[in-house]
Amino acid sequence: MNPTPDTPPEDTAGPVRRVGRRAFLGLVGLGVLGVAVGGRVQSVLSNAAGSGLGGVLPFGNNWRIYTITGNYPLISRDSYRLQVSGLVDHPTTYSLSDLEALPATTLVKTFQCVTGWQVPDVEWKGVRLADLLTAAGVQPGAVGVSFDSYDGADTESLTIDQAHLSDVIVAYEMLGKPITREHGGPVRLYVAPMYGYKSLKWLSAIRVVDRIEPGYWEQNGYPTNGWLDGTTGNTNPRLGLA
Amino acid sequence: MATLDRTSSATADHLLRFDRVQRTAHWLNALLFGALIVTAIPLYFGSLFGLVLPRHTVEQIHLYCGLVLPIPVVVSLLGQWGAQMRRDIRRVSFWTRDEVHWLRRLGRSPLRADKFNPGQKMNTIFVGASIVVMLGTGAILKWFQPFSISIREGATFVHDSLSFLLALVIVGHIIMALTHRDELRSMFLGTVSAQWAARVAPRWFAEQPHDPAP
């Protein structure tokens, strides 16, 4: 229906220009630029915006709450129990107050998700996983530690050496308060040197096992060793998976 | 009333604005955008919404809708059936000085409008470029392993910010459609009246081969 499809539409108002193509390429270029500098822009903007809006707008350092099952398990502080079992001399069950009575460790770190968002300066308090393993008495032949969640779906794993790192804790406080339900409370794992998906929420059981059982996210394609960029856990060959 | 066949242009008093290929591509594109928005909301505002489906399922739906998103547009540009779509893309690409001026003055300058006015052209360009950028940044988020954390942060930032902008533009697009019934009708049935074309798109109307004076 256009009689001359190969010539641009003429008009009396001067020569036509390929404004559209330039605008299209310009917008795509802006997107590429945003990927290159977006991380820095985001931190500047979120500092400027403060914590109010930052929780919702895309430039905020906001938590993205992930749940596999679609809801957050509700576990009261009184009924919470943590089982330590498997290849150990003394299988143990801890209540929340049992955990709070043990020597506490506090860590302040940037929480970093593998997909690129992060929240700076998050304070965690809890018990070193190494202390719980030592108390239980790890038997020879133990290779990995598997973790179960009260959500009934999430699982995680660490090598026995990773599990003994001093910044791997069973956490019950976040930012000075009990961990909320949506953040995995009352008790969750916090694996500071690795990406967030390794820090399993609503921790229900710690099992010492004779092999590495890849967790939920690893079965969905994430690396089993979730070291943060720049942390070189792999320089110690015992810490990485062969 | 014109037939809906893309090969038959129109009757004397009706002009074909969107052929069947364009309409199909538009509505498939709209369907995919709708699915992407519906799945994006609980993925982004996970702390505010309980999920109806498990998060992983919602993610998979979002991922696959995103991956197939360009297909309707690309297919509508190909081959013989894409001829009118390609002509319209050229219209969107070529601008007169008047059109640039009209956009700068937000519609408050005289314009002998083409088939699409500069606002409609910018909408097409913005949505088109957004598809490319959202696909690229979404791919970085999904297949993140080769990319540094700084690139992943940038991709998250762009994907999230642009989704907010896109949502605004799409809401505006829908409001414009609902308040412009002739245009909306042509996206369902294909045609507009000659009177409409003479009034709203005079430069396009003047190009028509069978050109009864209005």
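User: Where do α1(B) and helix α3 of chain B lie relative to each other, and at what angle do they cross?

Analyst: Two packed helices are described by the angle between their axes and the distance between the axes. In this predicted model, the axes of α1(B) and helix α3 (residues 70-77) of chain B come within 8 Å and cross at roughly 170 degrees. That angle makes α1(B) roughly antiparallel to α3(B). Angles under 35 degrees count as roughly parallel, over 145 as roughly antiparallel, 65 to 115 as roughly perpendicular and the rest as oblique. The axes are lines fitted to C-alpha atoms, for helices over the stretch in contact, with angles from 0 to 180 degrees between N-to-C directions. Helices (H or I, at least four residues) and strands (E, at least two) are DSSP runs, numbered from the N terminus.

User: Which residues meet between α1(B) and α3(B)?

Analyst: A contact means heavy atoms within 4.5 Å. From α1(B) come Val21(B), Ala25(B), Leu28(B), Asn29(B) and Leu32(B), and they meet Pro72(B), Val73(B) and Ser76(B) in α3(B). Sorted by class, this contact has 6 nonpolar, 2 polar and no charged residues. Here Ala, Val, Leu, Ile, Met, Phe, Trp, Tyr, Cys and Pro count as nonpolar, Asp, Glu, Lys and Arg as charged, and the others, Gly among them, as polar.

User: At what angle does helix α1 of chain B pack with helix α7 of chain B?

Analyst: Helix α1 (residues 20-44) and helix α7 (residues 149-179) of chain B pack at about 130 degrees, with their axes 12 Å apart. That makes α1(B) oblique to α7(B). His26(B), Phe33(B), Ile37(B) and Tyr44(B) in α1(B) meet Asp160(B), Phe164(B), Leu166(B), Ile170(B) and His173(B) in α7(B). This contact has 6 nonpolar, 2 polar and 1 charged residues.

User: Is Ile37(B) buried or partly exposed?

Analyst: Ile37(B) is partly exposed, with a relative accessible area of 32%. Buried means under 20% relative accessible area, exposed over 50%, and partly exposed in between (1.4 Å probe, protein chains only). The C-alpha atoms of Ile37(B) and Ala167(B) are separated by 7.9 Å, although these residues are 130 apart along the chain.

User: How many helices and strands does chain B have?

Analyst: Chain B has 10 helices and 2 strands, and 43% of its 214 residues count as buried. Chain A comes to 5 helices and 10 strands, and buried residues make up 49% of its 242 residues.

User: Which residues have the most contacts inside the largest nonpolar core?

Analyst: In soluble globular proteins, nonpolar side chains tend to be buried together. A nonpolar core is a set of buried Ala, Val, Leu, Ile, Met, Phe, Trp, Tyr and Cys residues joined through side-chain atoms within 4.5 Å. The largest one here has 58 residues, and Leu99(A), Trp124(A), Val170(A) and Ile206(A) have the most contacts inside it. Strand β7 (residues 168-174) of chain A gives the largest share of this core, 6 residues. Apart from this core lies another, of 19 residues, among them Leu36(B), Ile131(B), Ile140(B) and Ile170(B). Not counting residues up to four places away in sequence, Ile206(A) touches several residues, including Leu82(A), Leu129(A), Phe147(A) and Val170(A).

User: What is phi of Leu175(A), and what is phi of Trp202(A)?

Analyst: Most residues other than glycine have a negative phi, and most peptide bonds are trans. Phi of Leu175(A) is near 50 degrees, a positive value, and phi of Trp202(A) is also near 50 degrees and positive. Leu175(A) sits in the loop between β7 and β8 of chain A and is partly exposed at 48% relative accessible area. Trp202(A), in the loop between β9 and β10 of chain A, is buried at 2%.

User: Which residues does a cis peptide bond join?

Analyst: A cis peptide bond joins Gly185(A) and Pro186(A), with omega about 5 degrees. Pro186(A) is in the loop between β8 (177-178) and β9 (188-191) of chain A.

Definitions and conventions:
Residues numbered from 1 in each chain as written. Chains lettered and ligands numbered in written order. Predicted model: local features only at pLDDT ≥ 70, side-chain atom pairs only at ≥ 80, totals over all residues. Heavy atoms only, no water.
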